[in-house]
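Biologist: I should like to learn how to read a structural model, one feature at a time. May we begin?

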Amino acid sequence: MADPDADFAAYFAGRVSAVRRLAFALCGDWHTADDLVQLTFVKLYPRWSRVRGGQIDAYVRRALVNNFLSHVRKHRRETVMAEVPDAAVPETERHDDLGQALRRLPPQQRAVVVLRHLEDLSVAEVAELLQLAEGTVKSQSARGLAALRAVMSHTVTPRETRP
């Protein structure tokens, strides 16, 4: 029989980078991503003997998304401004990259978009993973992509044409 600790160590070594990238895509911060990955693998270790085969990756994704959503609920912050600005934000300050645009999405919508389009999971796989109806996954994905397109359309500035 194989040593479960050695199996776990091998799985960790082979998957930690991919799980860390997924965590970063969800939260947008490397330090938080590292914390989420650590928590995910800490929770996986005692259950290692019960999670087998092709279900390990699905279990890790589900645990990571749950940890992310719990983290967001625990660390919600309200932004309080001392004064209301008199003018609109200048165009140059509205330019966001994709990571910033993703962070603007609500946490569950962000999870759907990341799992569907970054992890390349099917609608059915995302629905099962997040315990949502397939229709909810489709609508959250469509709304998330529409929001990303709206934000990203402000980042593209038309090039000036010169005669």
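Modeller: We shall consider a helix, a cavity and the salt bridges in turn. Please keep in mind that this is a predicted model.

Biologist: Where is valine 114 placed, and is valine 114 buried or exposed?

Modeller: A residue counts as buried when its relative accessible area is under 20%. Valine 114 has a relative accessible area of 2%, so it is buried. Its place is in helix H5, residues 107-118.

Biologist: Which residues is valine 114 in contact with, leaving aside its neighbours within four places in sequence?

Modeller: Those residues are Leu22, Ala25, Leu26, Leu102 and Glu119. Leucine 102 is twelve residues from valine 114 in sequence, and their C-alpha atoms are 8.6 Å apart.

Biologist: What covers the buried residues of H5?

Modeller: The cover includes helices H1 (4-27), H3 (55-74), H4 (98-104), H6 (123-130) and H7 (134-153). Among the buried residues of H5 are Pro107, Val112, Val113 and Leu115.

Biologist: How does the span of H5 agree with its twelve residues?

Modeller: At 1.5 Å a residue, H5 should span 16 Å, and its end C-alpha atoms are 15 Å apart, which agrees. Aspartate 120, which follows H5, has a positive phi, near 60 degrees.

Biologist: Which residues line the largest cavity?

Modeller: The lining consists of Arg15, Ala18, Val19, Leu22, Asp57, Val60, Arg61, Leu64 and Glu119. H1 and H3 are the elements that give two or more residues to this lining. By kind, the lining residues divide into five nonpolar, no polar and four charged.

Biologist: How many salt bridges are there?

Modeller: Side chains of opposite charge can pair when their charged atoms come close. Here the count comes to three salt bridges. In one of them, arginine 15 and aspartate 57 meet at 3.3 Å, N to O. This pair links distant parts of the chain, with arginine 15 in helix H1 and aspartate 57 in helix H3, 42 residues apart.

Biologist: Which residue forms a salt bridge with arginine 61?

Modeller: The partner is glutamate 119, with the closest N and O atoms 3.2 Å apart. Arginine 61 lies in helix H3 and glutamate 119 in the loop between H5 and H6, so the pair ties together parts that are 58 residues apart in sequence. Arginine 61 is buried at 17% relative accessible area, whereas glutamate 119 is partly exposed at 24%.

Technical notes. Residues numbered from 1 in each chain as written. Predicted model: local features only at pLDDT ≥ 70, side-chain atom pairs only at ≥ 80, totals over all residues. Heavy atoms only, no water. Helix = DSSP H or I, 4+ residues; strand = E, 2+ residues; numbered from the N terminus. Buried < 20%, exposed > 50% of the residue type's maximum accessible area, 1.4 Å probe, protein only. Contact = heavy atoms within 4.5 Å. Expected span 1.5 Å × (residues − 1). 1 Å grid on protein atoms, 1.4 Å probe; cavity = no way out; pocket = protein on both sides within 12 Å on 5 of 7 lines; lining within 4 Å. Nonpolar A, V, L, I, M, F, W, Y, C, P; charged D, E, K, R; others polar. Salt bridge = Lys/Arg side-chain N within 4 Å of Asp/Glu carboxyl O.
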